[in-house]
Amino acid sequence: MEALQITGGNRLAGAVRVTGAKNSVLKLMAAAMLAPGRTTLTEVPGILDVEIMSELLRRLGCTVELDLAGGRVVIDVPEALEHRADYDLVRRMRASITVLGPLLARCGVVDVALPGGDNIGSRGLDMHVSGLQRMGAEVTIEHGYLIATAPRGLHGASVWLDFPSVGATETILMAAVTADGRTVIDNAAREPEIVDICSMLVDMGARIDGVGSSTLEIDGVRQLSPVEHATVPDRIVTGTWAVAAAITRGDITIANARPEHLQIALDKLTTAGARIEVVDEGLRVSMDHRPRAVDIVTLPYPGFPTDLQPQFIALNAVAEGTALVTENLFEARFRFVHELVRLGADVQTEGHHALVRGSEQLSGAPVEATDIRAGAGLVLAGLVAEGVTSVHEVHHIDRGYAGFVDDLVRLGASVTRVPVPG
Ligand code: UD1
């Protein structure tokens, strides 16, 4: 057990580089299973979830060479895959569910343990299931496992999603690329990570129209070939560094950032008073005064990302004025607010709204990360709290932020990882 011990008050300045997105690379790794042979992924972030996904792929029969330091993974996919994803791995990472589509497509049968993952709400699978059923799969739930079978293969279908779910879009997409005939996914998610997986699938030989729009049209092909693919840069890590610059009244250049994937969040930071410049390397964010409060409403892309909501609550907690934050994606995402309040933040929640009254100064205390992004939000608050903040349950942060402590220290923060007894 470890905690991050932060002494607040330092201004962050300098340069960091973001690598590939967690929410893309895990899906790219699953997509690799659609093609026998060696797929190489680069710009792979050095995070725990990539290790968990590598282990899962090995159990499914793949040979995985993971070079976390070099940001590279080579996945050798056999002709015959196993089709069972066990609970011990799936419970550690909800994104394991991503193997559902590719395994059903390749094996005609898949049993995946029902996932756990982040503690941020109920996170149903109904849209994944109904999409696969429309494509001819039979789906049952037995003993904690979701079992899908398509003995006669999958066929194309029209699928209308009730909500542009990222996970459901990916499951149906990966099942559809080798299905018999045309699949149309309406109200599809259009996150940059969906565009990334589509572009890899197209390179592999898939036929997908409407990439980046809310209607994906997929014409199934007989087989796909392995490729080499660079993971899209992580817009949530980029956004976290941007808030770090604003909250500490610092100046950070974020290399390999893709500002076009973060337009609303960057616009909010400008409203808060930050200066945003697009530079050759990526993005430069600086701030020379106390931030102003900014209202936030989370929505599917291109709306404001729920994965940046805790970081912006931290910013608002020390801003001038009062902000209303509305969370529309995950019901339990305000759980971390109780921890932020321990640092002296003035936040009231009511259903999916949070009212944040900016305080002049937070004060350090022990707090607990409840999920990846909550952890990032608490670290940001700790950077500006007076005294020492220890963020416990740091393993959550390790799931999403590669080399976080090293980067923070390089930028001037006073942060160390400390063991927590017992
Ligand atoms: C992904 C991201 C997560 C991000 C989220 C929204 C990964 C590994 N995780 O999660 O970081 O916060 O997108 O941008 O990529 N829902 C259903 N039924 C379904 C599917 C989803 O009710 O079949 C609900 C969920 O409970 C949730 C909402 O839809 O309330 C959004 O879920 P979804 O877009 O699928 O998010 P994830 O893919 O789980």
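1. Ring pairs join W241, Y401 and F404 into a cluster. Rings of Phe, Tyr and Trp (its six-membered ring) pair if their centres lie within 6.5 Å; planes under 30 degrees apart are stacked, over 60 edge-to-face, and the rest tilted. This is a predicted model, in which local features need pLDDT of at least 70 and side-chain atom pairs count only at pLDDT 80 or more, while totals for chains, interfaces and linings use all residues. Residues are numbered from 1 along each chain as its sequence is written, and side-chain values use heavy atoms, with hydrogens and water left out.

2. There are three aromatic pairs in the structure. F304 and F312 have ring centres 4.9 Å apart and planes at 90°, so this pair is edge-to-face. The pair of Y401 and F404 is tilted, with 4.8 Å centre to centre and 35° between the planes.

3. Y401 is buried at 3% relative accessibility, and F404 is buried with a relative accessible area of 5%. Buried means under 20% relative accessible area, exposed over 50%, and partly exposed in between (1.4 Å probe, protein chains only). F304 and F312 are both buried.

4. The ligand is surrounded by 20 residues, the closest being K27, D126, S165, D307 and L329; a residue is near a molecule or strand if one of its heavy atoms lies within 4 Å of it. The shell around the ligand comprises seven nonpolar, six polar and seven charged residues. Here Ala, Val, Leu, Ile, Met, Phe, Trp, Tyr, Cys and Pro count as nonpolar, Asp, Glu, Lys and Arg as charged, and the others, Gly among them, as polar.
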